[in-house]
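This briefing gathers a set of local features for a reader who wishes to inspect the coordinates directly.

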Amino acid sequence: MTDTVKLVSLAVATPEHVIFQKQAVEASARLFADRFVDFRHLARVFDSAGIEKRHAARPLAWFDEPHGWQDRMQAFAEVAGGLFVEAASSALRQAGLEAGDVDCIVTVSSTGFTTPSLDAQLSRRMGFRPDIERVPVFGLGCAAGVSGFAIASRLARSRPGTVVLFVSIELCTLAFRLDELTRPNIIATALFGDGAAACVLRSGEDGLAEVESTGEHLFPDTLDIMGWKIDDGGFGIVLAQSLPPFAEKELGPAVTAILARNGLRVEDIDRFICHPGGMKVLVAMESALSMVPGTLDHERAVLAEYGNMSSPTILFVLERAIRAGLPARSAMIAMGPGFSASCVTLRRAA
């Protein structure tokens with residue numbers, strides 16, 4: 001049996017509630033304009049974000065009231081559980097598999113948690129075997145779509161024939177804070193949405209693409225660029241406005257180093273598949289990786305339709321890239337808390 005790992009299937013899912021950007025800016029103005037002197041200046045981000053609509057775990061009216069940890073985590077358990085089942089079941093159907101065929105689950109999220117973890121809570125509902133191995137991962141943020149995919153692929157490679165299910169779920173809107181009168185909170189209100197994605201990975205099988213290499217880069221002294229602060233009210237966004245210029249300056253050398261460790265050059269990549277953290281970040285990534293402006297078209301389309309969903313967003317982009325036809329070699333790139341960059345290279349399946 002070969003140790004070549006294939007992406008066998010990929011499915012995406014979103015919550016039922018939809019928030020159009022016009023609705024988001026109107027609601028934000030109603031909730032913040034009279035309390036936050038800089039709101040009208042910051043509100044321009046709603047127009048410049050490149051987002052038309054987003055999906056949310058709760059209807060828009062839910063966000064008019066304050067919510068504590070209990071409300072937020074109850075909503076997470078309910079909605080994330082449904083999205084897990086929807087995305088995972090679809091990915092397994094596409095692969096011609098059943099839940100009982102899965103040997104290992106890697107689940108990533110940074111916007112909520114349950115104990116026992118979601119994979120255990122949903123085991124009977126899904127039909128997983130009692131001997132299934134579970135790898136829940138928390139805290140990788142927007143980079144987790146690539147980092148978690150890499151973890152799942154390495155597990156699949158380590159034991160040929162093993163079926164590894166990778167699930168990425170984020171409910172970013174549940175972190176919305178009425179009490180945070182800050183620039184980062186307003187920006188987050190304009191950018192983030194909810195969604196999930198699932199992949200089946202297996203070695204020695206036909207598939208959509210071959211996982212060629214993986215790698216990460218942790219930038220020193222950058223803890224304040226992105227993350228959560230945690231208090232009695234829930235998660236609070238940490239988001240430095242220096243992110244786009246940082247990405248433009250630092251991402252290129254980091255990706256070059258990751259590729260070099262795997263015997264590759266930037267010039268060997270036919271298409272970068274990038275996490276669309278925001279319009280300014282996409283522009284910075286195009287510059288950092290020497291792309292023609294506007295190259296990241298799938299990324300802009302996903303951002304417009306779904307917003308930044310954190311970790312699963314890159315998999316929504318990958319799904320579009322697969323439908324459009326992958327080139328010979330592509331590279332998934334995402335940045336996240338740490339501050340870090342993650343990279344996975346894919347070869348088109350023969």
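T14 sits in the loop that runs between strand 1 (5-13) and strand 2 (17-20), in what is a predicted model. The residues that T14 touches, leaving aside those up to four places away in sequence, are H55, L83, E86, D194, G195, Y306 and F316. Between the C-alpha atoms of T14 and L264, which are 250 residues apart along the chain, the separation is 35 Å.

**Annotated domain**
- In an unreviewed entry, UniProt records the feature "domain: Chalcone/stilbene synthase N-terminal" at residues 7-203.

**Second largest pocket**
- The second largest pocket holds about 160 Å³ of space, and its lining is made up of 13 residues.
- Of these lining residues, S109, G112, F113, S117 and P136 are the ones that lie nearest the centre of the pocket.
- At least two residues of the lining of the second largest pocket come from each of strand 4 (104-109), helix 5 (118-121) and strand 5 (133-138).
- By residue class, the lining of the second largest pocket comprises seven nonpolar residues, five polar residues and one charged residue.

**Packing of helix 10 and helix 11**
- Helix 10 (residues 279-288) packs with helix 11 (residues 297-306) at an angle of about 170°, and the axes of the two helices are 11 Å apart.
- Because angles over 145 degrees count as roughly antiparallel, helix 10 is roughly antiparallel to helix 11.
- On the helix 10 side the contact involves M279, L282, V283 and E286, which meet E299, R300 and L303 in helix 11.
- The residues of this contact between helix 10 and helix 11 divide into four nonpolar and three charged, with no polar residue among them.
- The loop between helix 10 and helix 11 contains S290, a residue that has a positive phi of about 55° although it is not a glycine.

**Cis peptide bonds**
- T115 and P116 are joined by a cis peptide bond, for which omega is about 5°, and P116 has its place in the loop between strand 4 and helix 5.
- A cis peptide bond also leads from G338 to F339, with omega near -10°, and F339 is found in the loop between strand 12 (329-336) and strand 13 (340-348).

Terms used: Residues are numbered from 1 along each chain as its sequence is written. This is a predicted model: local features need pLDDT of at least 70, side-chain atom pairs count only at pLDDT 80 or more; totals for chains, interfaces and linings use all residues. Side-chain values use heavy atoms; hydrogens and water are left out. On a 1 Å grid over the protein atoms alone, a cavity is a set of points where a 1.4 Å probe fits but cannot get out, and a pocket is an open set with protein on both sides within 12 Å along at least five of seven lines; lining residues have an atom within 4 Å of a point. Grid points are joined across faces, edges and corners, and a volume is the space filled by probe spheres set on the points. Helices (H or I, at least four residues) and strands (E, at least two) are DSSP runs, numbered from the N terminus. Ala, Val, Leu, Ile, Met, Phe, Trp, Tyr, Cys and Pro count as nonpolar, Asp, Glu, Lys and Arg as charged, and the others, Gly among them, as polar. UniProt positions are given in the numbering used here, feature names are shortened, and annotations may be inferred rather than shown by experiment. Axes are lines fitted to C-alpha atoms, for helices over the stretch in contact, and angles run from 0 to 180 degrees between N-to-C directions. Angles under 35 degrees count as roughly parallel, over 145 as roughly antiparallel, 65 to 115 as roughly perpendicular and the rest as oblique. Contact means heavy atoms within 4.5 Å.
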